[in-house]
Amino acid sequence: MGLTSLGYPLIVTALCLALCAAVARLDPWYREHLGAMGTGRFESIDGLRGFLAIGVFFTHVIATYGYYAHGRWYSIAPVYTLMGQAGVSLFFMITGFLFWRRALRAERGLDARALYVSRIRRLVPMYAVSVALVLMVVAVESGFELRDPLVPLLKELRTWLSFGFMSASDINGVKDAHIINAVYWTLAYEWSFYLALPLLALFARGWAFAILAIATIFFGIQAPITINFLCGALAAVALERDLLDGRLARPWLAPVPIAAISMALLAFDEPNHPASIGLLFVAFLFMVDGNTLFGLLRTRAAQLFGTVSYSFYLLHCIALFVTFRLVNAVTPVAQLSGAEHWMAATLAALGATLVSTLTYRRIEHPFIAGRPVGVATMRVMRPAAAS
């Protein structure tokens, strides 16, 4: 198989799921944790998140090759670019769905304080850990020497602590440092949605929502990625109005969302194409309505992978960077065969998955468990930022 063969992502995904299945079976804490989560209306969404995160991983596997072979961090195959974009799009749809549903159910208006406290507890701790790991890699890359003066260094560090609102810069003289972790830009969109949500929630009902939807579409002409949040909100409206009543959950309908996602990946060459977003939205509606894709999204492996998906999302680029730096020290990455490149990527994926099970348990979950009363009810519906 060549470097861009689609067989490799299937193998890597299967191995990561096998690792998650082993952890779910052998680790007493995860056995209890997953058992406590139980089953719920949105278990398909919970099981989906891990697949979305690893889709972003595959984009970065090919971008890594582009960097070493051509000096640019880019995907040489459009389908791999779209894997990551589809993952981000569906992450945003999940966010839009869960929190717009919360807005629809808030009879006295959305509790902004509870919202922001829950988001800080959910997103900040693991983000801080990932930035600390990036700085550790930078320290190694710079030979533990202070190469930049203190004031410029602090300015560079500011971009890494901005939650993606500022483009990550080179730091301490390390060129192309942004590829150590290239996912933070999506968190800026997440936070923008959360910051605007209390205001947007005022337009959650009646004709006001129609006006908001039209305005979002108009704005989406300039920033198509924002349409994904609207798609999530539309799914929430459909659910609250009983337009989704479980009929799409029938197992024999599973080929429909699978086909929609496949078409979104294979039929377009550009990310955020309106038709691609539409196809992903169709697939999302099926999963919101409970379709588990022949039971795959309901398995313990998928549920655990979804549980640790935020950690995986924030760690996988670091794992790829470190893995391929070590490989390149022995053999130039650009000279690797497709199979060899993916063997290294597989090690990075398994390493990121295993570490994610540790960081979720030790870092994410303690902060989630300490959330204020009223936010804890969101446990089953916990969104992972694009995630």
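1. Basis of the note. The structure is a predicted model, in which local features need pLDDT of at least 70 and side-chain atom pairs count only at pLDDT 80 or more, while totals for chains, interfaces and linings use all residues. Residues are numbered from 1 along each chain as its sequence is written, and side-chain values use heavy atoms, with hydrogens and water left out.

2. A pocket is defined on a 1 Å grid over the protein atoms alone, as an open set of points where a 1.4 Å probe fits, with protein on both sides within 12 Å along at least five of seven lines; lining residues have an atom within 4 Å of a point.

3. Size and lining of the largest pocket. The largest pocket has a volume of about 770 Å³, a volume being the space filled by probe spheres set on the points, with grid points joined across faces, edges and corners. There are 23 lining residues, and the closest to the centre of the pocket are Leu10, Thr13, Phe51, Ile261 and Leu265. Two or more lining residues come from each of α1 (7-26), α3 (43-70), α4 (78-105) and α10 (255-266). Helices here are DSSP runs (H or I, at least four residues), numbered from the N terminus. The most is given by α3, with six residues.

4. The second largest pocket. For this pocket the volume is about 430 Å³. Of its 19 lining residues, Phe193, Leu200, Thr216, Thr226 and Phe229 are the closest to the centre. The elements that give two or more residues to this lining are α7 (184-200), α8 (206-220) and α9 (227-240), and the largest share, seven residues, comes from α7. The lining of the second largest pocket consists of 16 nonpolar residues, three polar and no charged.

5. Cysteines. A disulfide is taken as a pair of cysteine sulfur atoms within 2.5 Å, and by this rule the count is zero. Cys16 is in no disulfide; its nearest cysteine sulfur, that of Cys20, is 6.8 Å away. Cys16 counts as buried at 0% relative accessibility, and Cys231 is buried with a relative accessible area of 7%. Buried means under 20% relative accessible area, exposed over 50%, and partly exposed in between (1.4 Å probe, protein chains only).

6. The largest nonpolar core. A nonpolar core is a set of buried Ala, Val, Leu, Ile, Met, Phe, Trp, Tyr and Cys residues joined through side-chain atoms within 4.5 Å. The largest one holds 130 residues, of which Phe57, Phe97, Trp100, Tyr184, Phe284, Leu314 and Trp342 touch the most other members. The most residues in this core, 17, come from α4. Beyond residues up to four places away in sequence, Trp342 touches Leu3, Tyr8, Pro9, Val12, Phe58, Val61, Ile62 and Tyr80, where contact means heavy atoms within 4.5 Å.

7. Leu17. This residue is found in helix α1 and counts as buried at 15% relative accessibility. Apart from residues up to four places away in sequence, Leu17 touches Phe51, Leu296, Ala301, Ala302 and Phe305. Leu17 and Gly50 are 33 residues apart in sequence, with 9.2 Å between their C-alpha atoms.

8. Val131 lies in helix α5 (residues 112-141) and is buried, with a relative accessible area of 2%. With neighbours within four places in sequence left aside, Val131 is in contact with Trp160, Leu161 and Tyr184. Thr159 belongs to helix α6 (residues 150-160) and counts as buried at 10% relative accessibility. On the basis that neighbours within four places are set aside, Thr159 is in contact with Met166, Ser167, Ala168 and Ser169.

9. Positive phi values. Asp242, in the loop between α9 and α10, has a positive phi near 60 degrees and is not glycine. Asp242 is exposed, with a relative accessible area of 59%. Phe294 likewise has a positive phi, about 60 degrees, although it is not a glycine. Phe294 is in the loop between α11 (274-288) and α12 (300-307) and counts as exposed at 56% relative accessibility.

Conventions:
Nonpolar A, V, L, I, M, F, W, Y, C, P; charged D, E, K, R; others polar.
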